[in-house]
Amino acid sequence: MNIIYLHGLSSSGQSNTAKRLRELLPNDNVVTPDIPVSPIKALQLLLSLAGEYRADDTIITGTSMGAMYASQMKGYRRILVNPAFHVSDLLKENKGERLRFFSEREDGCEYFDVSETLIYEFEEMEANLFYVDDVTPESVIGLFGDKDDVCNCLDEYRESYSYWSSFKGSHRLTEDVITNTLLPVIKWLKYPDYTSGRTYLPFDNITPGDTGYIGEMDNDENAFKIYKKGLGRKWYEEIVREYQGTKYHDGREINLHFPTLPEGVNEESVELVYGNRFCQLPSIEKYGEHGVQVANGDFVINESISVHRK
């Protein structure tokens with residue numbers, strides 16, 4: 001598998017993250033190019049990469065500015081880590097300054113100038129980042145540090161993409177984040193599994209309108225649309241008074257029964273949900289033994305990384 005890593009601003013393909021990925025993925029072809037400072041030249045680099053590496057055998061990973069560039073590699077599987085969709089704003093804070101690169105670059109250049117032209121080029125590119133819809137939004141996952149004080153583009157990211165996760169960390173990646181968050185996500189994206197079979201939504205977190213499964217998640221007959229939730233027989237009786245004998249939308253009459261409870265479960269405090277299974281009349285059922293798995297809910301990578309789904 002080809003793993004292309006795109007670094008952040010003032011960095012290079014010899015950054016610590018790039019080096020660690022090459023070390024941690026010895027069986028993959030890890031490509032870590034220096035990104036040109038000019039966006040025009042950087043986009044030319046992206047085109048050359050697209051011409052050399054097939055989308056079906058390549059994962060693009062980018063951090064910060066590199067994540068912004070990675071987002072433009074439409075059709076590829078992509079990991080956007082702390083994406084900076086407004087690099088121009090960061091550059092404006094250093095307008096007229098000469099900034100040093102954090103790591104060695106292939107051309108030996110040690111610094112670059114933050115000119116008006118450079119800022120303008122970034123502004124022009126950023127204005128068109130989401131002008132064209134992403135053809136494969138489901139192949140993108142965003143990773144966001146919960147203490148990132150450089151940029152926070154999560155809301156903007158969620159307007160275009162469906163999957164994201166947060167990790168304990170800041171804008172720059174630590175060894176722990178690289179090893180225990182980024183690496184597992186890269187390995188998962190080789191053979192992605194978006195199923196939610198290992199994540200259950202707690203009773204307190206379910207809301208009316210959620211669709212989940214009570215019992216085995218083997219077919220649509222077990223899908224359960226949740227209309228209301230509550231505790232115990234008192235709540236059950238309130239639902240009965242409201243709905244018993246009323247007509248379902250197709251004309252069938254609703255006939256509710258208190259569910260059979262397992263031994264040791266208190267009927268005064270048992271967690272109950274009112275809703276209906278696939279193509280069946282509404283009923284009141286005991287909340288699932290392991291919770292209700294919401295069909296469009298979170299899924300887990302490597303048994304530890306919770307990924308949210310829009």
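Mentor: A nonpolar core is a set of buried Ala, Val, Leu, Ile, Met, Phe, Trp, Tyr and Cys residues joined through side-chain atoms within 4.5 Å. Please bear in mind that this is a predicted model.

Trainee: Which element gives the largest share of the largest nonpolar core?

Mentor: This core has 38 residues, and among those that touch the most other members are Leu-6, Met-68 and Tyr-157. Elements giving two or more residues to the core include strand E1 (2-6), helix H2 (39-52), helix H3 (65-70) and strand E7 (140-145). The largest share, five residues, comes from H3.

Trainee: Which strands of the open sheet have one side left without a neighbour, and why?

Mentor: The open sheet has eight strands with mixed pairing, in the order E2-E1-E3-E4-E7-E8-E14-E13. A strand at an edge has a single partner strand, so one side of it is left without a neighbour in the sheet; this applies to strand E2 (29-31) and strand E13 (299-301).

Trainee: Within E4, what is the bridge partner of Thr-61?

Mentor: Strand E3 (residues 58-63) and strand E4 (residues 77-81) run parallel and are joined by five bridges. In E4, the partner of Thr-61 is Ile-79.

Trainee: How many charged residues are in the lining of the largest pocket?

Mentor: This pocket has a volume of about 550 Å³. Its lining comprises 22 residues, with Gly-8, Leu-9, Phe-102, His-171 and Arg-172 the closest to the centre. By class, eight lining residues are nonpolar and twelve are polar, while the number of charged residues is two.

Terms used. Residues numbered from 1 in each chain as written. Predicted model: local features only at pLDDT ≥ 70, side-chain atom pairs only at ≥ 80, totals over all residues. Heavy atoms only, no water. 1 Å grid on protein atoms, 1.4 Å probe; cavity = no way out; pocket = protein on both sides within 12 Å on 5 of 7 lines; lining within 4 Å. Points joined across faces, edges and corners; volume = space filled by probe spheres on them. Nonpolar A, V, L, I, M, F, W, Y, C, P; charged D, E, K, R; others polar. Pairing = 2+ DSSP bridges. Helix = DSSP H or I, 4+ residues; strand = E, 2+ residues; numbered from the N terminus. Buried < 20%, exposed > 50% of the residue type's maximum accessible area, 1.4 Å probe, protein only.
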